Amino acid sequence: MKKFLFKISCIGLLCISATSCSSKGDMDNLLVGDLPNAQPGDYVAPIGIPDAWISPDMASPERPTTWDTEQIGYYFVEYAVGSDTDNTYGTPSAPRKTIPYPVPAGSLVVVAGDYHYVQNYIKLEGEGTGEAWVAGESGPVWVVSDTENKAEITDKQLLISGSYVYLDGFYFHSGGRVQLGSYKLGFQVDHILVRNSEMKGEHDVTGGVLINTVGLKEEPASDIIIYNNKAHGIGPLDSDVDIDARGCSIQSYTSNMWVIDNEFSDSGAGLQVEASNLEKQTSTHHIYIGRNHIFNIAQAGIGIKYALDIIISENVIHNIIDTPWSPAKGIGFQYAPDRVWILYNEIYNANTGIRGASDNGGAGTNGKSVFIIGNFIHDASIDGTAHNGATKGLGIEINNGATPRYIINNTIVNSDIAVANGYYNSTMIIENNVFSNTRDFDVMLEDSYQTGTLSTLRNNHFDAEAKITWSNGVTHDLESFQAAFDKGEGCISDAPLFVAANANDFSLQTASTAVAAGLTPSELTLDVYDHFESLYGLNIKVDINQVARPTTGAWNMGAYTN
């Protein structure tokens, strides 16, 4: 296994944990700031997510040991009691009133209390550089909360722009929120870090976003890290109409963005990447969404529209709320996104774990479509009467895929249906998966479309009584399916022998018939692992627990190596 380690200094705000388990459901009990599979002093990136230009938990500059007089490069700001008159930098005993605009390179700005600047929005522009931080001379702009009197933004939008601006430890509430970039020229953003902050919304708002990224054609946004924040409580959860209230929104003309190790909860939607339309598709790319905890969210935990090169890895997503306008799903994609990689996530308690909707004109020609690899999806079911005519819970639902959707090495258990095609023609490559305890069907393809003809089913593991309907309305066990369609080679129908299903451990016992029964990467219809490495230079030949897959010999079916 290839891990990506950064040597850094510990930050007091972080609580680092070396948690590892067969099921990542234990993350429910972690605090914001806990980093699964990490050691103190090392940041381990989620599987398949590349390094940013900095380690996201790098130490900020230290405050002066003695700060009784003004010091070049060190600002202390307290809006309620401060003054800017004859006060260039401020001190804790004689603070400035406002954050300087713009903030010069090599600055450490400590903000105390409620920064309630009287404008339509609060502008924070930094003139930081990528050089080493030297007070008053060079390096990034650090704007951090005071440790004794927490920095707050209330009833205002903080508009961040400029270069190398690092915001740390703020509390946004009562209408306070963050926007990177602007809908008008003059606010370009690059190399921005927002971390260790809380964004608390309002449930009675009719729309809005707690963390919003905006790029323009003339001024695209790039190199942005959203790390270790808690964004929650925006928009009603029981609205009859789409209110567009989200924890995080990444819009067109944005690239090279990391949204990692955050918590999104209790909101009208979780996180959405949207390039607006096919014409702007190539403007929104290389977005990395990793190891976030997303729960109690309406319609979708993560949604992708149009964009390219999206890597969604190691997120834990659960308790998604169905809405009249959009089916509840952990991860959803539509409108022809391409090179979307859904890797090693745990998704549960949603009507649908992963849902692919319309292509809206077809995906790109070089990306080979959407890849769903190594995920653990469980407890997909309909609790009561669902909106949108849904009657069954689906692990993975694929609709109208103009190019293939690769469903490889996933484990799907305790669902009504493991994999389904709902409407229009789709091409699904279904290989090396484990399907268990499905109440209705393991695989169900609608009989009025050509999905069965277009799709592949090889080397999957079913329970002792497989249930497959393959575009003809007839339910088959594995043997009759193989005879009827001349497909299903390498598939197995037998008890999977999980280690401890009652304890949520769905790794495989040594005696399981799914062990060493999968295809090796080179034997897959497309070597998706090699394809990923050729695109991004990273090795993802691991299981959901970051255990390396064998370099020789057959692989296990499902998401677990052992």
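Let's start with A516, which is partly exposed because its relative accessible area is 46%, where partly exposed sits between buried, under 20%, and exposed, over 50% (1.4 Å probe, protein chains only). You will find A516 in the loop between β45 (505–508) and α3 (528–536). Helices here are DSSP runs of H or I with at least four residues, strands are DSSP runs of E with at least two, and both are numbered from the N terminus. The phi of A516 is near 55 degrees, a positive value in a residue other than glycine. Most residues other than glycine have a negative phi, and most peptide bonds are trans.

A quick word on what we are looking at. This is a predicted model, in which local features need pLDDT of at least 70 and side-chain atom pairs count only at pLDDT 80 or more, while totals for chains, interfaces and linings use all residues. Residues are numbered from 1 along each chain as its sequence is written, and side-chain values use heavy atoms, with hydrogens and water left out.

Back to backbone angles. Y164 also has a positive phi without being glycine, near 50 degrees. Y164 belongs to strand β9, residues 157–168, and it counts as buried because its relative accessibility is 16%. Then look at Y101 and P102, which are joined by a cis peptide bond with omega at about -10 degrees. P102 is in the loop between β3 (74–77) and β4 (103–104).

Now let's zoom out for a moment. The protein has three helices and 45 strands. Of its 562 residues, 62% are buried. It exposes about 20300 Å², and carbon and sulfur atoms supply 46% of that; the areas come from the Shrake-Rupley method with a 1.4 Å probe, and for residues only the protein chains shown count as cover. As for contacts, meaning heavy atoms within 4.5 Å, 70% of those with a separation of 6 or more are between residues 24 or more positions apart.

V110 sits in strand β5, residues 108–111, and is buried because its relative accessibility is 1%. Its C-alpha atom is 9.7 Å from that of D168, 58 residues apart along the chain.

Is S426 buried or exposed? S426 is buried, because its relative accessible area is 0%. It is part of the loop between β35 (417–421) and β36 (428–431). Its side chain makes a polar contact with the side chain of N421, at 3.3 Å. A polar contact is a pair of N or O atoms within 3.5 Å; within protein, one must be able to donate a hydrogen and the other to accept it, and residues adjacent in sequence count only if both atoms are side-chain atoms. Beyond four places in sequence, the contacts of S426 include I398, N399, G401, T451 and L454.

Last one: N319, in strand β25, residues 316–321. N319 is partly exposed because its relative accessible area is 34%. The side chains of N319 and H318 make a polar contact at 2.6 Å. Apart from neighbours within four places in sequence, N319 is in contact with F295, N296, I297, Y348 and N349.
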